[in-house]
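Here's a quick briefing to read alongside the model. Keep the structure open as you go.

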Amino acid sequence: MDDFLLKKLLLFLLVAAIAGGAYYKWGPNQIHTKQLNLTGYKRMRVKSVTAKEITEKKVYEELGNDGIFRRIRDEKIKKGDIVNVTIKGFVDGIARSDMSMEDYDLEIGSNTFIEGFEDGLIGEVPGNEKVLDLTFPDTYSNADYAGKEVRFRVKIHYIKENYTKDTLTDAIVEKETSCETKEELYQKTKKELQEQEKQRIESKQKEDLWKALLKKAELIDYPESYWAKEIEAFDQSYEEHAKSLNLTKEEFLKQYFGYDSREYAALREETCEMNIKKRIIIEEIAQKEGMKADSYAKLEKKVEKFLMERTKFISR
């Protein structure tokens, strides 16, 4: 075959490929079809989070979160202490349920409560009950209480202090946990935190990877059925949440998100378009790389794994 006929044949095959929606650029790292343009989906560099070291301090903080901590009852409260308290609030002599709480851990100096509350506990000793007569600021977030006088009765249970390597003993561990030694408990807790950190990193990196891919890809077209399915799923999700709270969808949107019908419609359109774009990316990469699965969810996992293994994540 001479050069002229060979060129005509190649041109014919190229036109046929374009008309049929096949890949018409031969690069191994790009996709160009009737539905999608995407270049450089392999070997991407994506800014994301990287793993944090699980320090000794972090391990002992986690033990505290799990209920393994010192309960100090013979020292005066000072700024920076975490104090376990039961609080009852009264306005106009009437107990207010939204101002009452039991076994609440309050950090003194965190400004969690109104001015005068935390400072009023400094110098007190666990076991005491402290009465605080205060006034809500005029700019208080709850207009019903703004500018009003309030009385708090605060029962102080104990000062909470996390154990350290020096204060935790094998005897305490054996008494309060299923472990026999503090070293066993420490290593067990550290391993759990490392696994949590691994899952956190993977989840965030996937999120950042998809942000980068969605920004990089150009969606050209998609089946109309995709749009209908996404709209139906989106509406159904909000309707189910509203129903679980005995609200209409409109009431739910207004009370929990402050959305009116126009804002909801805009959010729905943006979200559905993003989900469709992601679906097309997954399907096109799967086709290009020869991946198959018996459900979209499984295909999504395969493609995500493929992309994660070929993406370099760098610190922000």
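Predicted model: local features only at pLDDT ≥ 70, side-chain atom pairs only at ≥ 80, totals over all residues.

Numbering runs from 1 along each chain as its sequence is written, and side-chain values use heavy atoms, with hydrogens and water left out.

**Helix α2**
- Helix α2 spans residues 56–65; helices here are DSSP runs of H or I with at least four residues, strands are runs of E with at least two, and both are numbered from the N terminus.
- Its buried residues are Val59, Tyr60, Glu62, Leu63 and Gly64, where buried means under 20% relative accessible area with a 1.4 Å probe, protein chains only.
- The cover over those buried residues includes β4 (69–72), β8 (149–162) and α4 (182–216).

**Asparagine 29**
- You'll find asparagine 29 in the loop between α1 (3–19) and β1 (30–32).
- Asparagine 29 has a relative accessible area of 15%, so it counts as buried.
- Its side chain reaches the backbone nitrogen of tyrosine 41 at 3.2 Å, and a polar atom of that side chain lies 2.7 Å from the backbone nitrogen of lysine 42.
- Leaving aside residues up to four places away in sequence, asparagine 29 touches Leu38, Thr39, Gly40, Tyr41, Lys42 and Arg43, a contact being heavy atoms within 4.5 Å.

Note on methods
Buried < 20%, exposed > 50% of the residue type's maximum accessible area, 1.4 Å probe, protein only. Polar contact = N/O pair within 3.5 Å; in protein donor to acceptor, adjacent residues only side chain to side chain.
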